[in-house]
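Please read them with the structure open.

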Amino acid sequence: MIENEAVLAQQFEIQGRDFNHAGNISTTIKEILQETGIPPSIIIRTAIATYEAEMNVVMYADKGTLYFSLAPDSIRIKIDDRGTGIKNISLAMKEGYSTATNEYREMGFGAGMGLPNIKKNADKFKISSCPGKGTTLEILFFLNNSEGQ
Amino acid sequence: MTLKEIVHILQAELVCGKSHINDEIEFAGGSDLMSDVLAFAKPGILLLTGLSNLQSVRTADIIGAKGIVYVRGKKPDPEGIKLAKKKDIPILLTDYMMYTACGLLYSQHLPGVYPVTDKKS
């Protein structure tokens, strides 16, 4: 559903449970966007949503791939992960619902805010999951605010 | 309020980001929960936290924080300080507890963050 005509496209691999590098990809994408002259408010929304999604892979999946593409009118982030997947997506989208362990909560995450916060920051958001296999997120940000929600 | 004034009010140690000592800080927020920081913070915030892991610095960078104050005598991990230096984010350390640190700054007229209703504002 969410495609854009990319002028810049990059692919990143995310390793599950690698907390030392968790967030590196989101930081890299933020740095790339900062060099383009895109409005800071859009960059921040993209960085927050990407970071939440990257942390979700690190915390809940075995591994994942993040596809980043920048087009003249939009930024697109797609994340495919291989892991346990999500059994009940509508429940997972509720603020406060979480399956996080105490370990993750002690790290400052796992409050059940991640997926709702991704949706809040995105202009378009799609999630699909196959329990036992993995989850796919597609997130789109419009560079022209009039196209936003 | 400048970072220099904040260092004085909180009797804080400035670990890195000395070139920002005269930067103006317009608002602040305190939380140990990075999930909440990501959900409610606004760019330019001074983040007060007792969470000293690498992800606290990462979160501050992602949201565009102007600085981090570690409360309760917490010290960030060496990897966190390394990242803060790389991203040019000032780090302050104070022995005050979270409530007291926030209260001291608020009483000196440094406001907090109010709920954002328009994500594109």
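1. Leaving aside its neighbours within four places in sequence, which residues is A:Leu115 in contact with? Taking contact as heavy atoms within 4.5 Å, the partners of A:Leu115 are A:Asn56, A:Ile86, A:Ala92, A:Met93, A:Phe125, A:Ile127 and A:Leu137.

2. On conventions: this is a predicted model, in which local features need pLDDT of at least 70 and side-chain atom pairs count only at pLDDT 80 or more, while totals for chains, interfaces and linings use all residues. Residues are numbered from 1 along each chain as its sequence is written, chains are lettered from A and ligands numbered from 1 in the order in which they are written, and side-chain values use heavy atoms, with hydrogens and water left out.

3. A:Leu115 belongs to the largest nonpolar core, which has 65 residues; A:Leu115, A:Leu66, A:Phe68 and A:Phe125 touch the most other members. A nonpolar core here is a set of buried Ala, Val, Leu, Ile, Met, Phe, Trp, Tyr and Cys residues joined through side-chain atoms within 4.5 Å. Buried means under 20% relative accessible area, exposed over 50%, and partly exposed in between (1.4 Å probe, protein chains only). Helix α2 (residues 40-60) of chain A gives the most to this core, with 12 residues. A second, separate core has 19 residues, including B:Leu3, B:Val7, B:Ala12 and B:Ala28.

4. Chain A has an open sheet of 5 strands with antiparallel pairing, in the order β1-β2-β3-β5-β4. Helices (H or I, at least four residues) and strands (E, at least two) are DSSP runs numbered from the N terminus, and two strands pair if DSSP finds at least two bridges between them. The edge strands of chain A, each pairing on one side only, are β1 (8-15) and β4 (124-130). From one strand to the next the twist averages 10°. Axes are lines fitted to C-alpha atoms, for helices over the stretch in contact, and angles run from 0 to 180 degrees between N-to-C directions.

5. At one end of that order, β4(A) pairs with β5 (residues 134-142) of chain A in the antiparallel sense over 7 bridges. A:Ile127 stands opposite A:Leu137 in β5(A). β4(A) and β5(A) form a hairpin with 3 residues between them, and A:Gly132 in the turn has a positive phi of about 90°. Helix α1 (residues 24-34) of chain A lies across β1, β2 (61-71) and β3 (74-83) of chain A, and runs at about 165° to β1(A).

6. There are 3 aromatic pairs over all chains. Rings of Phe, Tyr and Trp (its six-membered ring) pair if their centres lie within 6.5 Å; planes under 30 degrees apart count as stacked, over 60 as edge-to-face and the rest as tilted. The rings of A:Phe19 and A:Tyr104 have centres 5.6 Å apart and planes at 50°, so this pair is tilted. A:Phe19 lies in the loop between β1 and α1 of chain A and A:Tyr104 in helix α4 (residues 102-106) of chain A, so the pair ties together parts 85 residues apart in sequence. A:Phe19 is buried at 14% relative accessible area, and A:Tyr104 is buried at 4%. Ring pairs link A:Phe19, A:Tyr60 and A:Tyr104 into a cluster.

7. In helix α5 (residues 98-107) of chain B, the residues B:Met98, B:Ala101 and B:Leu105 are buried. They cover an arc of only 75° around the axis, which puts them on the same side of α5(B); the arc is that of the directions from the helix axis to the C-beta atoms. The face turned away from the buried side of α5(B) carries the exposed residues B:Tyr99 and B:Tyr106. The buried residues of α5(B) pack against α1 (3-9), β2 (28-30) and β3 (46-49) of chain B.

8. Helix α4 (residues 78-87) of chain B has B:Gly80, B:Leu83, B:Ala84 and B:Lys87 buried. Their arc around the axis is only 100°, which puts them on the same side of α4(B). The buried residues of α4(B) pack against α1 of chain A together with β1 (13-16), α3 (54-63) and β5 (91-93) of chain B. Just after α4(B), B:Asp88 takes a positive phi of about 60°.
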